[in-house]
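Subject: Structure handover and findings

Dear colleague,

Please find the structure below, followed by an account of what was found in it. Kindly keep the structure open while reading.

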Amino acid sequence: MSGLEDLYREIILDHYRSPRNRGELPSPPAHRVEGFNPLCGDEIVVYVEVDDAAKGDAAVVSDIRIGGQGCSISQSSASMMSAAVKGHTVGEIRDLTRSFKSMMSIHEEGLEGGEVDDPGEADALELGDLEALRGVVKFPVRIKCATLSWNTLAQGLDEAAAATT
Amino acid sequence: MPMAERPPAVTDTLDVDAVRADVPILGRRIHDRRLVFLDSAASSQRPTAVLDAMDDYYRTTHANVHRAAYTLAEEATNALEGARGDVANFIGAADPAEIIFTKNATEAINLVARSWGAANLRHGDAVLLSQLEHHANIVPWQQLAAELGFEIRWIPLTEDATLDLGDIEQLLDGVKLLSITAMSNVVGTITPVRRLADLAHQAGALVCVDACQFVPHLPTDVSALGADFLAFSGHKMLGPTGIGVLWARRDLLDEMPPFLGGGGMILDVSLDGFVPAELPHKFEAGTPPIAEAVGLGAAVRYLSELGMAAVRSHEVELTRYAMSTLTERFGDKLTIHGPADAGVRGGVMSFAFGDLHPHDLSQVLDQHGVCIRPGHHCAKPLMRVLGVGATARASWYVYNDESDIDALGDALAEAGDFFTF
C-alpha cells in the first residue's frame, strides 16, 4: 500500500492520535470560528487569541485551540497548524498559510488579484512537519480536509482584525 | 412504540452471476484489484440492456418529441411515452399520465412542495417529516416554510433508528402533509408507510413518499402503499442519471398548478397568459430527458425480468450475511447502525469501525478496489440522532454477492492493521 503510506505519514498519524492544542479558549477575548467540510461532515472549531489585533500583520497570535471532529488528515493538519502558528505574527501566519496552500496546489494569485508574495521568498515560517501533508496532493478529494483548519483560521484572523476597526 | 413493517416474504431467487455478466463496469480493475462496488445507495451501475437502449435511441431514433409529423419524431415520442408506460406498470400506477418525469427525486419533491405545497399550505398548517429523512425531503419544506410560515414537525427515532410512533396521533393532529422516506438511505430502515398513510389520511393529511431507496429494491405498488405522491430517481435503479419520477394521484395532479413554465407544458399562450397542457405534460416544461426515459424504461424492464421479489429476497440474504459475518469477524470493533433485524432493513449498512474516521476508512478500502461512501449521506439530522458526524456506508444491489461482502471484510481488516488500533 505504498500509495497510502504517501498519504498517511507517521507524523500525520501521530498528530491524529495525539492532537496538539486541543480544546477551547474563553471567547472573548479569543475569536471562535467554525469551519465545515460539507462533503464529509467534518467540523472544526478554531479558537484564536490575537494580542493587539489593531497592529494588523504585526499582531501576535498568543494562543490557539482546536475543537470539532474530523478525519486524520483534517485533524492532523489542524494540530500541526496550531503548533506552527502559536506565538507568531498575523503576517507570518498569512504567509505560512499561502505556503501551505501552495503545497496543496492551491494558488491564491488567481483569487486575490496577484498581490501575493512569492511563497518561496516570503517563508519567514518553515512548513516543517507540515511538509508531511505534501502527499495529500495525490489524493485530490482530501485536499479540502487538509485546508479546512487553515481556511477557518484565516477567517478567525480576519474577524480579529475587523473587530478592531 | 418502535416498529418497522416486515415486507412480504419472498422465495424467488436471483442469478447474481448472470446479472454481473450484464454489467460491464464490474469488469474494471481499481488499483489492480477487482472492483467491489458497494455504493449503489448513492448511485447504481447499469446493465448493457440500459446502455444499449440509450445508445440505440440516439443512433437511430432521436428527434424532439411531440408536435411533429415526421417519422423520427413520432418514434421518439413513442419511445418516451412507452417508457412512461413501463414505469407506470413498474410501480402499479393506474394511468401513465400520473408519471411525471423530472430531473431526479429531489426535483420531484420540490415539485410537490412548490406546486401542491405553495397552493395548499398556509400559516398555521403543519407538515410532518421524520428524523430519518434525506436532505431532499427536508430542505424543500424548510424553504417553503420560511416563505409561508407553516410548522414542520418531526417523527422521532428510537435507538435503533426506527420511527418512534408513540406520539404519532398527536403529531398528525392538524397536519396537512406527511412526507416520509420509505427506506432510509443511511441505515436502511424500512418505514411502515402503509400504516402511516392510513393514520395520516384519517387525520386529513396527504402522504408524500420519498421512495428513492425503496422502488429500486422492493416490489412497489403505489396504491398498496397508500401514497398520494411518490418520488424516486432513475440512477439508483440501473437507469441513467438525469431522470427522476414523481408519481401522484391524477386528481391531485389535475388540481395542482404547473411547477416550471416554458415550452411543452402549455395548451395555449397569448399575450394575456397561458393555459396549461394536459397531464403529464403540464409538469414537463422544456424538452424532456428522452434518452434517459428510454434508459429508465429499459431498467425497469430489466428489473421486472429479474423479479422484484427476487431482488428483495437477495438483498435480505446479503444483508443478513454481511451483518452476521462482519460482526463475527470484528466483534466490538464494528458498530452497525440501525435495526438489528436484516428483515426490516434494505441493503444499506452504515457502520463505525473502531475509532477510524469514515473518510480514512474509505480511502484505505479504495486501495483494495472496495467502494464505500463516507460522510453524512445528506442526512445530517439523522447523524445527530446517531451521535456521529459521519458514517461509513456500504450498500448492495442485484450485482453484489457474498464475495463482495468478504472483500469488504478483508479490506476492513487491512484498514485496522494499517491504522493499528
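In this predicted model, residues 110–123 of chain A have a pLDDT that stays under 50, where pLDDT is the predictor's confidence in each residue, from 0 to 100. For this stretch the model has eight contacts beyond four places in sequence, a contact meaning heavy atoms within 4.5 Å. Chain A averages a pLDDT of 83, and 86% of its residues score at least 70. Chain B averages a pLDDT of 95, with 97% of the residues at 70 or above. Residues 6–11 of chain B have a pLDDT below 50, and this stretch has nine contacts in the model beyond near neighbours in sequence.

Some conventions apply throughout. Residues are numbered from 1 along each chain as its sequence is written, while chains are lettered from A and ligands numbered from 1 in the order in which they are written. Because the model is predicted, local features need pLDDT of at least 70 and side-chain atom pairs count only at pLDDT 80 or more, whereas totals for chains, interfaces and linings use all residues; side-chain values use heavy atoms, with hydrogens and water left out.

The interface between the chains

The contact between the two chains takes 22 residues from chain A and 17 residues from chain B. About 1,600 Å² is buried between chain A and chain B, and carbon and sulfur atoms give 56% of that area. Buried area here is the accessible area (1.4 Å probe) that two parts lose on being put together, summed over both.

Two salt bridges are found across this interface; the rule asks for a side-chain nitrogen of Lys or Arg within 4 Å of a carboxyl oxygen of Asp or Glu. B:D360 forms a salt bridge with A:R142, their closest N and O atoms being 2.9 Å apart. Between chain A and chain B, seven residue pairs are in polar contact (both at pLDDT 80 or more). A polar contact is a pair of N or O atoms within 3.5 Å; within protein, one must be able to donate a hydrogen and the other to accept it, and residues adjacent in sequence count only if both atoms are side-chain atoms.

On the side of chain A that touches chain B, the elements that give two or more residues are helix 1 (2–7), helix 2 (10–17), strand 2 (42–51) and helix 3 (72–85) of chain A. Helices (H or I, at least four residues) and strands (E, at least two) are DSSP runs, numbered from the N terminus. By class, this side of chain A has 13 nonpolar, four polar and five charged residues. Ala, Val, Leu, Ile, Met, Phe, Trp, Tyr, Cys and Pro count as nonpolar, Asp, Glu, Lys and Arg as charged, and the others, Gly among them, as polar.

The two domains of chain B

Chain B is divided into domain 1 (16–43 + 307–419) and domain 2 (50–305), with bounds that come from an automatic or database domain assignment. Their C-alpha centres lie 28 Å apart. The contact takes 38 residues from domain 1 of chain B and 34 residues from domain 2 of chain B.

These domains bury about 2,700 Å² between them, 61% of it on carbon and sulfur atoms. In domain 1 of chain B, B:M308, B:L382 and B:Y397 lose the most area to domain 2, together 23% of what that side buries.

How many salt bridges cross the interface of domain 1 and domain 2 of chain B? The rule finds zero, while 19 residue pairs are in polar contact (both at pLDDT 80 or more). Helix 13 of chain B gives the largest share of the side of domain 1 that touches domain 2, six residues.

Local features

Over all chains the count comes to 30 salt bridges. One of them joins the side chains of B:R373 and B:D39 (2.8 Å, N to O). B:R373 lies in strand 16 (residues 373–375) of chain B and B:D39 in the loop between strand 3 (36–37) and helix 2 (48–60) of chain B, so the pair ties together parts that are 334 residues apart in sequence.

Most residues other than glycine have a negative phi, and most peptide bonds are trans. A cis peptide bond joins A:P28 and A:P29, with omega about 15 degrees.

Yours sincerely
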